[in-house]
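Me: I am new to this structure and would like to learn how to read it, one feature at a time. Could you take me through it slowly, giving the general idea before each case?

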Amino acid sequence: MKNLSFTRISIWIYLAVFFAYLLGPLIIMSATAFNSPSFPRMTPWECLTFEWFSALFQDERILNGIWNSILVGAGTVVLSVAMGLAGALMLTQIWPKLRATYYTIIIAPILIPGVVIGISTLVFWDRINRMLGLGADSFLSNGLFLTVIGQSTFIASYCMLVLVARLQRYDVALTEAALDLGATHAQAFRKVLLPFMRPAIASAAVLAFLASFENYNTTTFTFGEYPTLTIELAQKVRYGITPAISALAFIIVVLTVFAALANEASIRRKELVAMARKKATVEELESGKLRLPGFLSSNSAAVALVVVACATVAVAGTAAVYSPQQCIAEVQEQKRLETEQRIQELRRQRELRRQEQQQQQGETAPQAQPSGNNSGFGGVFNPGNLSGDSSSGEDASPTEEPPAGNNSGFGGVFNPGNLSGGDGGGSDN
Amino acid sequence: MSAGVGVDLENLWIRFGDFVAVRDANVHIKGGDFFSFLGPSGCGKTTILRAVSGFLDPSEGRVLIGGNDMKGIGPNKRPTALIFQNLALFPLMKVWENITFSMEIKGASARERRKRADELLDMIALPGQGDKLPSELSGGQRQRVAIARALCAEPDVLLLDEPLSALDLKLRQHMRTELREIQQRVGITFIYITHDQGEALTMSDSIAVMKAGVIDQIADGKTIYNDPSTAFAASFVGENNVFRGRIKQIMGNEALIETNRSGTLLARISTANQGRMKAGDEAMMFIRPEALALAGEGAAGSNIVSARVNHEEFEGNVFNIFMEGDGGKELKVSIPNVGQSFDDHTGQNITLQYATENAVVVPAGELAAE
């Protein structure tokens, strides 16, 4: 610490850049959830608001998407973990010469693009459906069923990888010992192997759920009447996004951090307890006088967990009583004043120009563009355009009255008449 | 001792592909005996144990437990309990849950199990340790928990697969005595697998010496040590000085051996080979290091060997003299330390003598690898 060498400093800088790269987008997105403008942005900061959270919870499609994602996730977890466990057990049982081949086959779905899996799932089950002579509304063409099946084809492989790693540390003698002591194969599996696999099964389940939750490219072919959250988001983004999505992202980030900390804290606690038990004498264990370490002692994860929990409660509490109306009104008032100023400014400019034109008289110049704003982006990148109410993209063609119409923030992006100016304007959102 | 349940192996063959792990084993193990299979690693002794416990089907022949053919009966239905080489205690269960696993399978209540576990913990001298995890116990304690777990299943036959090999020397010696005591207390048949002849000799009622899938000799420890029937048994169990040669003359139970490098020596033909050897046969003669004694100057006869002392070694209870005879013949002599003074003989020629009944002749055969 005393001797900050060049290498040391560069390592710190590298770490800072690395973490900024990793976490920067998340932090900015989270911050935009609390800013009042209707397009997610951090600067300029206008008003602290929680309205995007209520907007989120009033959005039927998002809520429905979350519910469908959870349903699909639950189905995928059950199916993938079961198939993954079966696959992993098979891998340890199979004839050694076949093992490499079997492994490759089982891992293949991970390497196949999700799009291909999506299409093939759809085609395959459609065929099956027809072969069985079932109608279009049968169980086999149900969106939930197809999505769970489609996702599980490759998520099961992930699960298998996780489970195989744990299974490799399993001593087959344990199963033999159970059999030798009179257990049936089922009992040996349930009482010995399964408890041993439990941590890996939990990891695999979490992994499967997350993989299912975030999956888009397979689901997009199979969702049918059950659009998942990712599908809903993708569809929404096509028509422009609001900070309600940031609010959703923030909730997911907080939940993830919370779960990770809780997991870490419980692992650390177990370690501490095990250590204390190991040190304890027989008498201490017998008498029950052994003092186990408290939940928070030397457990930084637990401390962080409590801090996050407190912060969440504090934010929720603030949200309940805080009303940004005053602030929003002030900001709007300010914006109105700014807009008026600009209108007057522009009027003055136009007046000046007309005078010039009148002086020149010779050529008639139809392009009287005050700001040269003829790109498809409209006035998006013009800071002066960040004005208030989102009444939206009415006619913003640059030749006529640019200041009055173009105040939505999106400029004239969504005006079909603008597409001649520049291409692909909408994709920038 | 109660009668107990015996185990019989009849013409037992076990093959893995082309490899023959056990070749025509015929063993009769008396009920209540402590029976050891002794042999170097890879000789098929663990394979036999797995065939008895039911993890392996014999390729040919039969395994009988208490006179019943065990063919088609799985390990969980046989009246055997196996103690694994690595113990295989269930790592996630507490000690008492481990011990009473066999009761849990049968649906016994937690209270019953706890009671039985406490009894067994008392028996293995680990009272009050039931709530620990196996990983919190020492090696010797884990060993005893494994024994208690096997005994809790109330088997007729307890099978032990080199259970002491992971322990350090002191503990190993202690556990030998303890195992023998437990066996005598519960009175059931123990089948013990080991490559350590010390363990086999100290604990067993009977020992089967195995070599590469073949059982060479079955007898009690004393017989195996003093009256081996094959060259392998003689060289594997304990230390032995070997003299290769040819039988010159048979005189009743004794034979005169024309050894390759030490002249003509007289020895006793081992019991199993009496009447089966004739003059001119290739033979091997074995004399234990402790059966050789220093002879007086100028002694002569057919029980005298002379050699030059190479180096000497003081082992505490014995004094070892390593010698080199004519033609590079190596000899080891152990003289018990009974307080006498030892002169340094290094470099000297010494004459040794032995009692004829302590020199054993067997047909020439493969020796145990050093």
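This is a predicted model: local features need pLDDT of at least 70, side-chain atom pairs count only at pLDDT 80 or more; totals for chains, interfaces and linings use all residues.

Me: Which confidence values does the predictor give the complex, and what does chain B average?

Reply: The complex has an ipTM of 0.79 and a pTM of 0.70 from the predictor. For single residues the confidence is pLDDT, on a scale from 0 to 100, and chain B averages 86, with 98% of its residues scoring at least 70.

Me: How many helices and strands are there in chain A and in chain B?

Reply: Helices (H or I, at least four residues) and strands (E, at least two) are DSSP runs, numbered from the N terminus. Chain A comes to 15 helices and 0 strands, whereas chain B has 9 helices and 20 strands.

Me: How do I read burial and contacts for a whole chain?

Reply: A residue is buried if 20 or more other C-beta atoms lie within 10 Å of its own, exposed if 12 or fewer, and partly exposed in between, with C-beta atoms placed from the backbone. Buried residues make up 27% of the 429 residues in chain A and 42% of the 370 residues in chain B. Two residues are in contact if their C-beta atoms, placed from the backbone, lie within 7 Å. Among contacts with a separation of 6 or more, residues 24 or more positions apart account for 72% in chain A and for 67% in chain B.

Me: Which residues touch the most other members of the largest nonpolar core?

Reply: In soluble globular proteins, nonpolar side chains tend to be buried together. A nonpolar core is a set of buried Ala, Val, Leu, Ile, Met, Phe, Trp, Tyr and Cys residues joined through C-beta atoms within 7 Å. The largest one here has 131 residues, and B:Leu159, B:Ile191 and B:Met285 touch the most other members. Helix 8 (residues 185-214) of chain A gives the most to this core, with 10 residues. Beyond four places in sequence, the contacts of B:Met285 include B:Phe243, B:Ile257, B:Leu265 and B:Val361. A second, separate core of 11 residues includes A:Phe34, A:Leu56, A:Ala247 and A:Phe250.

Me: At what angle do helix 7 and helix 8 of chain A pack?

Reply: Axes are lines fitted to C-alpha atoms, for helices over the stretch in contact, and angles run from 0 to 180 degrees between N-to-C directions. Helix 7 (residues 172-180) and helix 8 of chain A pack at about 135°, with their axes 9 Å apart. Angles under 35 degrees count as roughly parallel, over 145 as roughly antiparallel, 65 to 115 as roughly perpendicular and the rest as oblique, and helix 7 and helix 8 of chain A are therefore oblique to each other. Among the residues that make the contact are A:Leu174 and A:Ala178 of helix 7 and A:Ala188 and A:Val192 of helix 8 of chain A.

Me: Where do helix 1 and helix 11 of chain A meet?

Reply: The axes of helix 1 (residues 6-32) and helix 11 of chain A come within 7 Å and cross at roughly 125°, which makes helix 1 of chain A oblique to helix 11 of chain A. A:Leu26, A:Met29, A:Ser30 and A:Thr32 in helix 1 meet residues of helix 11 of chain A including A:Pro243 and A:Phe250.

Me: How many residues does each chain bring to the contact between chains?

Reply: The contact takes 21 residues from chain A and 19 residues from chain B. Helix 7 of chain A gives the most to the side of chain A that touches chain B, with 7 residues.

Me: Is B:Ala125 buried or exposed?

Reply: B:Ala125 counts as exposed, because it has 10 C-beta neighbours inside 10 Å. B:Ala125 is found in the loop between helix 4 (110-123) and helix 5 (139-152) of chain B, and its phi is near 60°, a positive value in a residue other than glycine.

Note on methods. Residues are numbered from 1 along each chain as its sequence is written. Chains are lettered from A and ligands numbered from 1 in the order in which they are written.
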